[in-house]
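Please look over the model shown here before reading on. The questions that follow take it one piece at a time.

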Amino acid sequence: MTNETDKKLTFNERLMSIDRRWVFLVLAIFVVVPLILGFSVKPVVSDEVRAIYDFVENLEPGQNLLVAIDYDPNALAELHPMAFAIMEQALAKRLKLVTLTLSQNGAGMAEQAVKAVVDSVKMYHGYTPEYGKDYVFLGYRPYFALVILGMGQNFRIPFPKDYYSTPLDSMPIMAKIQNYDQIAGVIDITGSNVADAWIAYGNGRYGVKVALGLTGVSASDYYPFYQSKQIIGLMGGMKGAAEYEFLCKNPGPATEAMGVQTFAHIVIIGFIVIGNIGYFLDKREKAKRKKEM
């Protein structure tokens, strides 16, 4: 029955009705092959990503940088590379790194990320950051808008203790930090509307410099804030992370994923083109038949 139906299809109709299983199969092949061959693509660095890199790079050793790991594990694959690259850059430059999360499902994941970065700094930069002195993880607090506003007055209001229940005043890194006046900048990595709160309350209310690392699907919503200079930089999705890894000369998962993503996009564009060719050929053929009638 299926074969009889197929025989009735014209060439144009076949182009427009390719079985989706073939689409998935071709896509899978073009994803797996670059992974096996180790195909890589050199990223072209955008101004908004370079702005974040230059900002961190131009800070003096000893200055405080806050990195907010505000995402859940479901965005880990896309946003972890950004967090890793930025935190490693900061610690390698001997900046004082303050980390926290405003994502209720992100505390355990963020703690692991911070520990992994510290291990990487020890291994590749010959420097052993000391917890409480060179970096700190404050953990999670609910109601992110209130937390951001609270830190503008005093970090001890929302975070009297860190993630490990250590009082903030007992740690050298926090002894000189009262509020955002002692923070050189905030880099918020998120896939949610926490970014809005950092812009409105962190930058708008207290004037702290804010940069964003975002999922690819949400990045376009925040370009107006970059153009109006309400944020100092913006990283979007896996490509943004790959650009940052390239600037840091620290290739990681995002760089490896660029080859796969490039081929996947080519395949998807190819099928879109095929579908459109079929549509316009079919449209022209129907118009021709109508004219003959």
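An axis is a line fitted to C-alpha atoms, for helices over the stretch in contact, and angles between N-to-C directions run from 0 to 180 degrees. Helices (H or I, at least four residues) and strands (E, at least two) are DSSP runs numbered from the N terminus. This is a predicted model, in which local features need pLDDT of at least 70 and side-chain atom pairs pLDDT 80 or more, while totals for chains, interfaces and linings use all residues. Residues are numbered from 1 along each chain as its sequence is written, and side-chain values use heavy atoms, without hydrogens and water.

Q: At what angle do helix α5 and α6 pack?
A: Helix α5 covers residues 76-92, and its axis lies 9 Å from that of α6. The two helices are oblique to each other, since angles under 35 degrees count as roughly parallel, over 145 as roughly antiparallel, 65 to 115 as roughly perpendicular and the rest as oblique. Their crossing is right-handed, with the near helix turned clockwise from the far one by less than a right angle. The angle at which α5 and α6 pack is about 45°.

Q: How many residues in the contact of α5 with α6 are nonpolar?
A: In this contact (heavy atoms within 4.5 Å), α5 contributes Leu76, His80, Phe84, Met87, Glu88, Leu91 and Ala92, while the residues of α6 include Met109, Ala113, Val117 and Val121. Ala, Val, Leu, Ile, Met, Phe, Trp, Tyr, Cys and Pro count as nonpolar, Asp, Glu, Lys and Arg as charged, and the others, Gly among them, as polar. Three residues of the contact of α5 with α6 are polar and one is charged, while the number that are nonpolar is twelve.

Q: At roughly what angle do the axes of α7 and α9 cross?
A: Helix α7 takes in residues 144-153 and helix α9 residues 194-206, and their axes come within 9 Å. The angle makes α7 roughly parallel to α9, and the crossing of these two helices is right-handed. The axes of α7 and α9 cross at roughly 25°.

Q: Which residues of α9 are buried?
A: Buried means under 20% relative accessible area, exposed over 50% and partly exposed in between (1.4 Å probe, protein chains only). The buried residues of α9 pack against β1 (64-70), α7, β4 (185-190), β5 (210-214) and α11, and after α9 comes Gly207, whose phi is positive, near 80°. In α9 the buried residues are Val194, Ala195, Ala197, Trp198, Ile199 and Gly202.

Q: Which side chain is joined to that of Tyr127 by a polar contact of 3.4 Å?
A: Tyr127 sits in the loop between α6 (107-125) and β3 (135-140), where it is buried, with a relative accessible area of 13%. Not counting residues up to four places away in sequence, Tyr127 touches Leu91, Arg94, Val121, Lys122 and Asp134. A polar contact is a pair of N or O atoms within 3.5 Å; within protein, one must be able to donate a hydrogen and the other to accept it, and residues adjacent in sequence count only if both atoms are side-chain atoms. The side chain joined to that of Tyr127 by the polar contact of 3.4 Å belongs to Asp134.

Q: Is Asp282 buried or exposed?
A: Asp282 is found in helix α13. Leaving aside neighbours within four places in sequence, Asp282 is in contact with Asn12, Glu13 and Met16. With a relative accessible area of 9%, Asp282 is buried.

Q: What is the phi of Lys229, which is not a glycine?
A: Most residues other than glycine have a negative phi. Lys229 lies in the loop between α11 (223-227) and β6 (233-236), and at 70% relative accessibility it counts as exposed. The phi of Lys229 is positive, about 65°.

Q: What is the phi of Lys249, which is not a glycine?
A: Lys249 has its place in the loop between α12 (237-247) and α13 (253-292). Lys249 is exposed, with a relative accessible area of 74%. Its phi is positive, about 55°.

Q: Which side chain is joined to that of Gln230 by a polar contact of 2.8 Å?
A: Gln230 is in the loop between α11 and β6 and counts as partly exposed, at 32% relative accessibility. Not counting residues up to four places away in sequence, Gln230 touches Ile199, Asn203, Val210 and Phe225. The side chain joined to that of Gln230 by the polar contact of 2.8 Å is that of Ser228.
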